[in-house]
Structures are given as structure tokens and as C-alpha cells.
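Colleague: Could you walk me through this model, please? I would like to begin with the pockets.

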Amino acid sequence: MKLITGFTYRPEIDGLRALAVLAVVFFHVGLGFPGGYIGVDIFFVISGFLITSLIIKELQEDRFSFLNFYGRRIRRIFPASAVMVLVTVIMGWFLLLPSDFIGLGKSVISQTFFGSNIYFWRNTNYFAESAELQPLLHTWSLAVEEQFYMIVPLLLWALIKWLKINSRLKLVLILAIAFFASLILSMLVLPTLPAFTFYMLPTRAWEMLIGSLVALAPVFPVLKSRMLRELIVIIGLLGMLLPCFLYTKDTLFPGLYALPPCLGAALFILGASPKYDATLPIAAKLFTWRPIIFIGLISYSLYLWHWPLVAFSNYWALEEFSLGYKWAIVLLSIVLAILSWRYVETPFRKKTLAKTNKALYLYAFVVSGAFVVLGGAMYLNNGFQTRFNSKVIAFDTAKSEALHENRISLPVTLEVAKQGAFPRFGDTLKDPIDVLVWGDSHARAILPGVIKTAGDTGSVAVAWHSSTAPVLNNIPADMFAGFSLGADSPEWAKTIIHQVDEKQISNVIIAARWSVYYEDYVKEGSDSNFLIENFNANLLKTIKALVQTGTNVWVLREVPNHAIAVPKALIKRELFSTNLSHYQCDLEGLKQQNKYFDALAADMVLAGATILDGSDLLLDKSKGVYKMEKDAEALYYDAHHLTKTGAGKVSAIFEPIFSTTSSRRSMSYDK
């Protein structure tokens, strides 16, 4: 049985590539298309279809060779990406700060070993540098495809040549099982592991397997109807186009939301298949217009080159790009893509360069080795700090406090909370604990200030977890899913209160980035008032429950948040004399930031809490703005988390706490 017949060049698929890449480019540049990231998913479907068609066709003709297959993949992918990486490193030398140049070096090594997706998954967290600033971030999708190319040829070869399975139905069934397993896994882990779901092959493979299933689809007699084919292609286009405009960055993606664009691409490919009629449906024929096909031909290079331009532009920008600048990025990306396609892609694909597989593999090996050495040098030399002066290095170093390995303590899981094994500082042998700092990442950020005030004789413990408010009965919104305790949050809060009671902890400081939780509720529109009232009620309930245990409750008002990442802003002022006053939080800004918290403050005091506020210690009274630095040291490591220096700056507000550590409340709160 012929599993693949009539596998020829299909110009409308190049047109489909054009749609995919333009959606991605316009999304990244900010020219509409809020859901344009689905262009990557369209690419995945196309790749699955073409690769599966090619492999099975060669297998059934007894001319498949792993050496030739991977040689074609190297010719298609490696040369253009190698040039892009080299140019990106050169640009990074002039544009990136040492800490980010180190990160670029690590990503160079990871992409060399087809592991960019793993690197960015492992380094995508609440405290990581914004993804929009990482010049090689886009190589994650190439890594996913390359990993797919490692597995699928082996799988199809084993099924067809080793197990002698030549039944279309059996092959479709096996691939369908893999498809559903990957899709279900994606749906299950997305709420709790969104970064893993986004970057990793097991949760993305189903998108390419849709293309594989289309490649193996039998001839459906019903699709010989011209009208039905027209309808299928139109439905497919709608499945791809509508998400480009209806989805946003906040859409929980991929999971089920990736189905419409992927199914849309599959329907487009199926409906336009020459198996049914050599005449293309009208909607598909539009994609064979020569300018569109040309964009499709350069789509790979366009995808490669547009992102470093966007990332480097974002790196030093303090405001959104102008419309003219956005179009300049698009046009420059197209120019670079044309040059890359003409002088890099084409010579390798037509074997003008590296004419034999031996020469090609040798080239790939040597260049890959050079990239490993280059990336290693960038890492081992600390990003070549001598490129900048000591003041810039000091500000850049402040960013390192965000790194996982530099945190003063790790997040407290539910299991650790149940054991009461809170990280302790100061006099760790003292019982009971003088102060427990409880909250989200802002609680961790102010911890050095509490420890400083406690001195050597005080006992300080901490219970924190990113994006998890220290509030009873509160489950963080989906937008915090990747960093919070999620559905475990209510039990976590209840457990901490139990431990406060059991360990007879004298004081509890509750700290959080209160404004972001309120802002999330405000986004809910008509339900916002109810959600805010419910959050407030649970916050008051938390205070009362703590007071009931006999502890002293202190609630920290949120520190001033600035409009931009502070270290980067200070560096830009140092290098370019940029005026930062427009980006610094002022008195009115702090008032607006904390308006919901302040509206509840009196009720919190009535419930038994004491409000702590360190904002005056950060205020530049002569200018009416809140400080970003002290003695050439950054007070924040991003826009709102205090550095150790920043926490030390506000440490005086914790002094009243340690005058009460000798005793708990003599009378619990009377409900």
C-alpha cells in the first residue's frame, strides 16, 4: 500500500509559512496581532506534515537514510542559525551588561546542543530577566522541532521497517495515541507548570503530530467536493486568524487554546491537498501570490533575525517603541532575512557550499565546537566586566539578587510548612521564634531588613512563596499559576497559622505586593467589587486568626514601585545621562498604588494589626520622589523588590517589633 502519494511542492504551504511568520513578527514588534504567537504553532503543524510525508515516502521507496535525513536538516537549519548566533554575540558585546552577556553565553551553548527550550524553561521564573530581553529566546521553538526530528524518524523507521507495519490504520492509530497523550499532558500540567508546558516537547509534540496525521490521512471521497474543500480551507483560515486577534499574552497557552490554530493549519493543508483536485480552493490560491510565497521562502531567516532586533531594542528602551521604529524593525528584519536566504540558506541547500555530507557534518561539528568555546568564555569571564566602569558593574550586580542561587531562602512548600521547618536566621537556637515573616516574594525581599534589626540575639523565621498572598481562603489567579502555590494556597495559609500557634511565635509580619492582587481583581470588570471585598474579608480573617493565637500581628504596607527595573534605569542614567524622574514613584503614585490597602488599613488595625510603612525612609523629600539608589547602590533589583541594601534602608521600621519579642499577647482576640 502506498502511504504517501503525489508528495510534491505545494506553494500554498509556503504562503501559510508567510502567515505564520508575519503573525509572530507583528506580535513581537507590537503591530497588532495580540495573539500572533500562534504563528509558531502553525509552523509546528507544517513541520510535522512535511517531515512525516518525506520520511514515509522515502521509507516506502526503500531509500530512506538517517545520514541523508539529518544532513538535510542541518542544511536547512544550522547555517542560517549559526550566522545569526554569531552576529547576536557580537551585538551583545556592545549592548549587553555583564550579567546578561553571561546569560547569552549559556543560551549559545544550550542552542548548540538543541536544548534552548530546556534552558529557557529552567530559567523562566518570577525573578528572571524578562523574556523580552533575551536575544536567543526564539531558538526554543527550533529546539523543540529538532528534538521532534530526533524521535520521529526513529519511530517511523521502527514501525515500518522493523515491525513491518504498513497499514495506514495502524500507523494512524499509533500516532493518534501519541497525539492524545501529549495533548492531555499539556492540558493537565498547564495550570501548575505553564513554563514547562510552553517550552517542552512532551507538551508540544501533539501540535506536530497533527501534521503527521494529516500526512497519513487517507483519501476521503467526500473531500472531492469542491464546495466542501472551499469551506474546509476557510474554516482552517478562521481557526488561525481569529486567535491572532482574540488571544493575548494573558491567555493560558498552549493547552486547549492551541487547538484552533493547529486544527486550522491542518484543515488548510488537508483542504488544499492536490490528492483531491489539482485546482486549489480560492482561499488557498490567495496564498500562492508571488510576494506571499517569497515571504514564505524567507520565513525561516525572517524568524531568526527579527527577534534579536526586538530583544536588543527592548533591552535599553524605557518606553514603548514609536510606530516608525516598529516598522523599521520589520523592514530591517526582512532585509536581513533576504540576505540570509540568498547568501546563507540557498548556497547550503543547493550544495554550492559543503557539497558532500562529510563536508557538511565536519562544518557543523567545527562551528558547534567553536560556539561551545565562545559561550563558555562568556560565562567563565563573568560577561567580560571590564567593558564597563565600576558603577555600572555595581548596579548590574544588584540584578543578581533575583537569581535562584542568590536568594536568602527558598520558597516554603506546603510540606515544609506542615513540618514547621521554616528557614531561620539570627539566633537559630532561640525558642520561641521572635518573628515570622510571612508572605510572597516581597516578604523575602524585606527579610534582610528584619534580620538586621533583630541583630545577633533575635530569632527570625520566614515563610514565603512567590505570588502567594498571606491570606486565608485565597487561591491565586491563573496569571500567577506558574509561581504560586495555586490550589494549595488556602491549606498553606491555614498550616502557617497553626504553626504560629504551636510554636508560640511572638510576632508575625505579613508582607506582600498587595497592589498586584487588587489589580488582578480590577481586571475582572463587573465582578471586581465582589472579588476585592472577598479578598479584604479573608485578609481581616487572617489577622484575627493570628491574633487569636496570641501573637502580635504587623502588616507591611507595600514599598514604592517604580515604572521600570531600577538597576537598568540607573545604568542608563550612568551611561547616557537619562533623566529618570519620569519613571520614579512619587507621592501620588504611591497613593494610587496602595489605595485599596489604605482603604482597609483602619479595619486591619481594629482587627488587631499594626501597620508598618517604610516609604518615608525611601523618600527624597527635596524632589518628592522615592529613591532608586543609596551611595551608588541600587535599592531594588527590579521595579518593586528591594535589594539587601534597600531592605536595610527601611530596617528601622521593624525596631518596635523587637521591643515586644519577650512576650506574646496576654489576651487573644475575642470574636
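Colleague: Which helix gives the largest share of the lining of the second largest pocket?

Modeller: That is α2, which supplies eight residues of the lining. Before we go further, this is a predicted model, in which local features need pLDDT of at least 70 and side-chain atom pairs count only at pLDDT 80 or more, while totals for chains, interfaces and linings use all residues. Residues are numbered from 1 along each chain as its sequence is written, and side-chain values use heavy atoms, with hydrogens and water left out.

Colleague: What counts as a pocket here, and as a helix?

Modeller: On a 1 Å grid over the protein atoms alone, a pocket is an open set of points where a 1.4 Å probe fits, with protein on both sides within 12 Å along at least five of seven lines, and lining residues have an atom within 4 Å of a point. Helices (H or I, at least four residues) and strands (E, at least two) are DSSP runs, numbered from the N terminus.

Colleague: What volume does the second largest pocket have, and which residues lie nearest its centre?

Modeller: Its volume is about 1100 Å³, where a volume is the space filled by probe spheres set on the grid points, joined across faces, edges and corners. The lining has 33 residues, and R17, L50, R73, R76 and R349 lie nearest the centre.

Colleague: How does that lining divide by class?

Modeller: There are 17 nonpolar, six polar and 10 charged residues in the lining of the second largest pocket; Ala, Val, Leu, Ile, Met, Phe, Trp, Tyr, Cys and Pro count as nonpolar, Asp, Glu, Lys and Arg as charged, and the others, Gly among them, as polar. Helices that each supply at least two residues of this lining include α1 (11-29), α6 (139-162) and α15 (323-349).

Colleague: You mention α6, so what about E146: is E146 buried or exposed?

Modeller: E146 lies in helix α6, and it is buried because its relative accessible area is 13%, where buried means under 20%, exposed over 50% and partly exposed in between (1.4 Å probe, protein chains only). Leaving aside neighbours within four places in sequence, E146 is in contact with I77 and F114, contact meaning heavy atoms within 4.5 Å. E146 and G115 are 31 residues apart in sequence and 9.1 Å apart in space, C-alpha to C-alpha.

Colleague: Changing topic, in what order do the six strands of the open sheet run?

Modeller: The order is β1-β3-β2-β4-β5-β6, with mixed pairing, and two strands pair if DSSP finds at least two bridges between them. The edge strands, each pairing on one side only, are β1 (424-426) and β6 (609-612). From one strand to the next, the twist averages 25°.

Colleague: How many bridges join β2 to β3?

Modeller: Five bridges join β2 (residues 435-439) to β3 (residues 459-464), and these strands run parallel. In this pairing, G439 stands opposite W464 in β3.

Colleague: Which peptide bonds are cis?

Modeller: The bond from F253 to P254 is cis, with omega near 10°, and P254 lies in the loop between α10 (226-246) and α11 (259-271). The bond from D431 to P432 is also cis, with omega near -5°, and P432 is found in the loop between β1 and β2.

Colleague: And what is phi of N473 near?

Modeller: Phi of N473 is near 60°, a positive value in a residue other than glycine. N473 counts as partly exposed because its relative accessibility is 42%.

Methods: Axes fitted to C-alpha atoms, helices over the stretch in contact; angles between N-to-C directions.
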